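Trainee: I have a model open and would like to learn how to read its side-chain contacts. Could you walk me through it?

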Amino acid sequence: DLSFPHKTCFEGLTCQIPYGSRIALMGRNGSGKSSLLRIIAGLAAPTSGTVQLPEDVRIGYVPQVIEDHATLSGGQRLNAALTAALQNDPNVLLLDEPTNHLDRRQRQSLMRMVRAYTGTLIVVSHDTELLRTCIDTLWHLDAGEVHIFSGRYEDYVRERQRQRATVEGELARLEHQKKDMHAKLMQEQQR
């Protein structure tokens, strides 16, 4: 569980991550994606519960590369952070919004590196190209829950659209039912 005084990011997340998984953490800003990545990295603790890692896990963690060094470009800062993260030959690589502040060439270079990486990859990203080409499981943090979707990004988008259409259809049906009941009530009052 991860919660703060003003909100609960998620509760009851129980899962096992098989070696070699390629997971994207998705959700609105403030949903807890970066915090979950930090918890997995061992840099933060969950509000309750535990994270159990096998003894042979070596984690490489690249936080969001913030625009704070005027002398270095976003790509240079990411390269420096990636180099540091890859130094201990990690078998789990955690990347937080890695394509932010990269130009096209730098993004392509990062994509090649991520595709070639053979360990477990967990990435926070909204980059649809990265999600389409490098990910096989999506964790969507929404309304205090983590919804896990195994499959391609396109399948996930289709499923979300289908769910949205179902909800919208149900809302329209309820609105129509409400108007119908109101009309019947008005007729009854007129009698």
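Mentor: Gladly. Let us begin with a definition: a salt bridge is a side-chain nitrogen of Lys or Arg within 4 Å of a carboxyl oxygen of Asp or Glu. Keep in mind that this is a predicted model.

Trainee: How many salt bridges does the structure hold?

Mentor: There are 10 salt bridges. Take Arg107 and Asp127, whose closest N and O atoms are 2.6 Å apart.

Trainee: Are Arg107 and Asp127 buried or exposed?

Mentor: Compare each value with the cut-off: buried means under 20% relative accessible area. Arg107 has 15% and counts as buried; Asp127, at 11%, counts as buried too.

Trainee: Which residue forms a salt bridge with Asp89?

Mentor: Its partner is Arg58, with 3.8 Å between the closest N and O atoms. This pair links distant parts of the chain, 31 residues apart: Asp89 is in the loop between helix H2 (74-86) and strand E5 (92-96), and Arg58 in the loop between H1 and strand E4 (59-62). Asp89 counts as exposed at 53% relative accessibility, whereas Arg58, at 35%, is partly exposed.

Trainee: Now for the rings. How is a pair of aromatic rings described?

Mentor: By the distance of the centres and the angle of the planes. A search of the whole structure finds two such aromatic pairs. In one, Phe149 and Tyr156 have ring centres 5.7 Å apart and planes at 65°, so the pair is edge-to-face. Phe149, Tyr153 and Tyr156 form one aromatic cluster, and Tyr156 is buried, with a relative accessible area of 8%.

Trainee: And helices: which way do residues three or four places apart point?

Mentor: They point the same way, because an α-helix has 3.6 residues a turn. After H1 comes Gly42, with a positive phi near 85°.

Methods:
Residues are numbered from 1 along each chain as its sequence is written. This is a predicted model: local features need pLDDT of at least 70, side-chain atom pairs count only at pLDDT 80 or more; totals for chains, interfaces and linings use all residues. Side-chain values use heavy atoms; hydrogens and water are left out. Rings of Phe, Tyr and Trp (its six-membered ring) pair if their centres lie within 6.5 Å; planes under 30 degrees apart count as stacked, over 60 as edge-to-face and the rest as tilted. Buried means under 20% relative accessible area, exposed over 50%, partly exposed in between (1.4 Å probe, protein chains only). Helices (H or I, at least four residues) and strands (E, at least two) are DSSP runs, numbered from the N terminus.
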